[in-house]
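Me: I would like a close look at a single part of this protein. Please keep it brisk.

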Amino acid sequence: MSFSRDVKRELAAIVPQSGHCRRAQLSGLLFGAGTFAMGSGGRVAVRLTVSLPVVARHALSLLKPFGVAAELRTVSSPPTGRRYEVVLGDERDLQLLNEVGVLSDALHVQMTAPARIVAQRCCLVAFVRGLFLGCGTVSSPGSAVHVELTFEGAELAEQARRLLARLDLDFRLTERGRNVACYSKRSDTAADLLALLGAHDARLRWEEHTVLGEMRGQANRLANCDEANARRAAAAGER
């Protein structure tokens with residue numbers, strides 16, 4: 001998944017300037033890679049777990065303007081190896097978690113993002129960018145095309161599919177064990193998603209391999225055609 005890592009490193013450099021888009025991107029990241037636990041006294045703890053340190057730092061940069069005290073941890077456990085956790089659980093964090101749609105006004109954990117978070121197109125793109133940073137993968141250029149967002153719940157997966165459709169990106173759902181995958185196997189869809197989210201260098205790499213693949217295919221077809229013509233000509237001459 002080295003290409004996925006490169007895509008996420010590129011996307012992690014994008015921090016929206018507007019507060020509403022920053023909230024949407026943080027919301028997508030929390031829904032994509034966050035786990036929620038209810039402690040004693042009704043205390044809600046949120047743990048954002050990612051495999052790349054650059055994504056963890058990105059989460060901290062999104063949190064910084066809100067003035068919350070997030071704790072960064074490094075954990076190692078087989079088979080996933082080293083992971084990075086950003087932990088929120090202070091009472092002051094509850095207002096932020098409500099603002100980004102993770103908690104309802106009654107401070108209950110929400111299974112899908114509220115409509116207000118993704119009402120504007122710019123916020124919708126930022127939310128999907130956060131989702132991809134949290135739970136997205138894309139195959140390397142030149143290999144079989146597969147771009148996917150993996151969720152633990154069917155509700156969030158269905159919401160992601162509908163949000164992607166609003167961006168004219170056709171994704172499908174499939175259950176995979178305890179998870180639900182929102183995926184596409186179309187090259188154009190994968191390339192359009194990379195461009196939409198802002199991974200332009202990755203998009204160029206993708207297009208380069210696509211063009212080279214088409215040229216190789218065309219060259220093979222022409223060579224096969226020439227060979228077939230030569231065989232027919234030889235057979236005619238023999239007759």
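Which residues does Val-118 touch, not counting residues up to four places away in sequence?

Reply: A word on the model comes before the contacts. This is a predicted model, in which local features need pLDDT of at least 70 and side-chain atom pairs count only at pLDDT 80 or more, while totals for chains, interfaces and linings use all residues. Residues are numbered from 1 along each chain as its sequence is written, and side-chain values use heavy atoms, leaving out hydrogens and water.

Val-118 touches Cys-123, Leu-124, Phe-127, Leu-163 and Arg-166, leaving aside residues up to four places away in sequence. Contact means heavy atoms within 4.5 Å.

Where does Val-118 sit? It lies in the loop between helix H4 (93-99) and H5. Helices (H or I, at least four residues) are DSSP runs, numbered from the N terminus. Val-118 counts as buried because its relative accessibility is 3%. Buried means under 20% relative accessible area, with a 1.4 Å probe and protein chains only.

Take Leu-163 next. Val-118 and Leu-163 are 45 residues apart in sequence, yet 8.5 Å apart in space, C-alpha to C-alpha.

Now Phe-127. Its contacts beyond four places in sequence include Val-118 and Leu-163, along with Phe-31 and Ile-117. Phe-127 is also one of the residues that touch the most other members of the largest nonpolar core, which has 66 residues. Helix H5 (residues 121-135) gives the most to this core, with ten residues. Such a core is a set of buried Ala, Val, Leu, Ile, Met, Phe, Trp, Tyr and Cys residues joined through side-chain atoms within 4.5 Å.

Technical notes
Buried < 20%, exposed > 50% of the residue type's maximum accessible area, 1.4 Å probe, protein only. Helix = DSSP H or I, 4+ residues; strand = E, 2+ residues; numbered from the N terminus.
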